[in-house]
Amino acid sequence: MNACNTSDAHDKQHAHDKRQEVFMSDKTTIGFIGLGKMGAGFTTRLLDSGYGVVGYDIDDACCQAAKARGVEIAASPAEVAERADIIQVCVISTAAVEAVILGEGGIVEVDQGGGKTVVDHSTTELDTTKRLAETLAQRNGMQFVDAPVSGGPGAAAEGRLAIMAGGEQAAIDTIQPLMATLGQFTRMGEVGAGQATKLINQALVLSNYCVIAEACNLGNRFGIDVSKIPEALSSGYAGSNLLNDLLPRMVEGDFEPRGYARQILKDLHMLQDAANGLNVAMPMAGTANALYSLLIAQGKGELDGAAIVSLLEGSNPEH
């Protein structure tokens, strides 16, 4: 390479470095509450995208793992909310969301909440979602968006989540650039619309867990190479992201939890309650509910949801 080309390369590298500096300086600090499997994926993506992250979890082991990734650890949800204008929440249950927001040391204790936005990525009961949004608005002026997700920890880390949101347009506009970093972000309506859409997602996905398990078992009984099914069906109507992800794990007996079977049952109960309240018949989701209830009764609640195939095969995967 001659001197002129070397200079050009140096100038290009310098320009790239300057763009990176601007990119990093434009990023704000994000608050993140819930540093478990999904939180690990989220915060990895945020850090990789140049955001600073201040986080909190009730589990010290999760906090220490997050700290090793570069997350600053706060002492409470309130401290997270004090230090960030956008506070993301991703915890295991409706009760946990309520504790994070209204409990001791909760987000609601922040005196000056105006201009801050809470984004709940958890799968949360609709009525509670709306009540929490109203409480935050009344008590400290915070905006609230319910934005549950689909895709799992890997998709969170890679920015490939499906994010379905409910909230006022002003709040949506505030978080839009951040959400675009994390995946496909769609406003479905006012507060609660995100959770309603997540229930629809769960009806589709969790029923299909059981259908894919049936197909896997049938293929094994036929004696074919079931691992080839996703490739063989990829261009047809049966091809799907879920088939590509789930069937290989069922074939391999890989039940290391990306999410827990007990969480699936929790979501199915939530779906059933919502459907009952609307007088909507959901026989397929009801069957999935029954099958996961049996799986949990066998003591397999800490396995991945893919372990539903063991119920049909009669196998006994190791815990």
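**Entry 1: pocket lining**

I sorted the lining of the second largest pocket by class and got 12 nonpolar, three polar and three charged residues. Ala, Val, Leu, Ile, Met, Phe, Trp, Tyr, Cys and Pro count as nonpolar, Asp, Glu, Lys and Arg as charged, and the others, Gly among them, as polar. The model is predicted; I used local features at pLDDT of at least 70 and side-chain atom pairs at pLDDT 80 or more, while totals for chains, interfaces and linings use all residues. Residues are numbered from 1 along each chain as its sequence is written, and side-chain values use heavy atoms, without hydrogens and water.

Which residues lie nearest the centre of this pocket? I found L126, L199, M270, A274 and A275 there, out of 18 lining residues. A pocket here is an open set of points on a 1 Å grid over the protein atoms alone, where a 1.4 Å probe fits, with protein on both sides within 12 Å along at least five of seven lines; lining residues have an atom within 4 Å of a point.

α6 (126-140), α9 (193-222) and α12 (261-277) each supply at least two lining residues. The largest share, seven residues, comes from α12. Helices are DSSP runs (H or I, at least four residues), numbered from the N terminus.

**Entry 2: α2 against α8**

I looked up how α2 (residues 37-48) packs on α8 (residues 169-182): the angle is about 110°, with the axes 10 Å apart. Axes are lines fitted to C-alpha atoms over the stretch in contact, and angles run from 0 to 180 degrees between N-to-C directions. So α2 is roughly perpendicular to α8 (65 to 115 degrees). By class, this contact has four nonpolar, one polar and one charged residues.

**Entry 3: confidence**

Mean pLDDT (the predictor's confidence in each residue, from 0 to 100) is 91, and 90% of residues reach 70 or more. Over residues 1-25 the pLDDT is below 50.

How values were computed: Contact means heavy atoms within 4.5 Å. Angles under 35 degrees count as roughly parallel, over 145 as roughly antiparallel, 65 to 115 as roughly perpendicular and the rest as oblique.
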